[in-house]
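The following exercises concern the reading of a single protein chain from its coordinates.

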Amino acid sequence: LPALLQALETCQNGLNDLRLWISTDCSAKAELIENALQDSCLSKQAVFRKVRICPNKGRNLGPLLHDLWPDLKDEELVLHLHSKRSVESNLGEAWLDQLLQCLLPDSDTLRELRYQFQSDSKLGLVMPQPPGLIRPYLNWGSNFELAQRLALPLGSRLHRDAVLMFPAGGMFWFKPAALAPLVKCLNVMDELPPEPLPVDGSSLHALERITPHACETSGHHWKLICGNTTIPSTMPAANLSVLEPQTEVYQQATALLAARFRQQDEQLECTSVNLDRCTQQLESADATIRE
């Protein structure tokens, strides 16, 4: 909580008309949160604040799209943050810092971002470009078939050879109207999966990956905040779609990867042969020394 409040306070002058919702999973934590908020200048600025106790199911998306959605769905613009705590790896803290710096750089940038949402009625979702340490994991993995089932309410087919871009890390700016279809996808599940979740391959991992799909099917488009860009107007235009297959590009990329793997296999085979030869030479030299 301190890290999230500090990041928001950095952009305090760009957060006029702020309403603050915080979810947690028990009354003891809720009391600690309320005490922390009393000492926060951000809390004094907020025109509304609420700490909501939710079941420990659904990670960050459960409270957002289920427990808090009745309140959030009528808001003009929402920033979704969470503590990014990870027990599976040590990436959580560094990743959290990068996400917060990208989504909440400073007050001037934040005002420009909010202006873009106001002036572009079709802009529905702004996501941080995933950092380099995460990009190797940005794939469907074992989530594609599950995502297909969850995406049935969208009425659009998923394609393996389409662009796959999603808010990895689960933090983003959005208009609730743009993500309303994602709520329907969440409702496809009979219940939210209980903890502990697997590292990958759960319904929540699949749901995270179809966030931009929901945005596009609602008639909105999405943008990325890329690299060290601090001016949202330089974000790329919405010329990529997660719904449209890019078969030719996909095939070219697959061919390049296959060629690289073949090259690596050849290098490994060559290295193995050289190692065998060196071993034989060493054994021969050792035998000579012994003689």
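**Exercise 1. Determine what share of the contacts with a separation of 6 or more comes from residues 24 or more positions apart, and describe the overall dimensions of the chain.**

Step 1. A contact means heavy atoms within 4.5 Å. Among the contacts of the chain with a separation of 6 or more, 78% are between residues 24 or more positions apart.

Step 2. Before going on, note the basis: this is a predicted model, in which local features need pLDDT of at least 70 and side-chain atom pairs count only at pLDDT 80 or more, while totals for chains, interfaces and linings use all residues. Residues are numbered from 1 along each chain as its sequence is written, and side-chain values use heavy atoms, with hydrogens and water left out.

Step 3. The radius of gyration, taken over C-alpha atoms, is 24 Å, whereas a compact globule of 291 residues would have a value near 19 Å; the globule rule is 2.2 Å times the number of residues to the power 0.38. Along its principal axes, the C-alpha trace spans about 90 × 45 × 40 Å.

Step 4. The chain exposes about 16,300 Å², of which carbon and sulfur atoms supply 51%; the areas come from the Shrake-Rupley method with a 1.4 Å probe, and for residues only the protein chains shown count as cover. Of the 291 residues, 42% count as buried (buried means under 20% relative accessible area, exposed over 50%, partly exposed in between; 1.4 Å probe, protein chains only).

**Exercise 2. State in which order the strands of the open sheet follow one another, and characterise their pairing.**

Step 1. The chain contains twelve helices and six strands. These are DSSP runs numbered from the N terminus: helices are H or I with at least four residues, strands are E with at least two.

Step 2. Four strands make up an open sheet, ordered β3-β5-β4-β6, with mixed pairing. β3 (78–80) and β6 (221–225) are the edge strands, each pairing on one side only. Two strands pair if DSSP finds at least two bridges between them.

Step 3. Strands of a sheet pair through backbone hydrogen bonds, either parallel or antiparallel. Between β4 (residues 123–128) and β5 (residues 172–174) the course is antiparallel, with two bridges; here V126 has W173 as its bridge partner. Between β4 and β6 the sense is parallel, over five bridges, and M127 stands opposite L224 of β6.

Step 4. As for burial, six of the six residues of β4 are buried.

**Exercise 3. Locate the cis peptide bond, and identify which non-glycine residues have a positive phi.**

Step 1. The bond from E195 to P196 is cis, with omega near 0°. P196 lies in the loop between α9 (176–187) and α10 (203–209).

Step 2. D17, not a glycine, has a positive phi of about 60°. D17 sits in the loop between α1 (2–10) and β1 and is partly exposed, with a relative accessible area of 48%.

Step 3. R59, likewise not a glycine, has a positive phi of about 50°. The loop between β2 and α4 (61–67) holds R59, which is partly exposed at 38%.

**Exercise 4. Find which residues E9 touches, not counting those up to four places away in sequence.**

Step 1. E9 is part of helix α1 and is partly exposed, with a relative accessible area of 27%.

Step 2. The residues touched are S40, C41 and L42. The C-alpha atoms of E9 and L42 are separated by 5.9 Å, although these residues are 33 apart along the chain.
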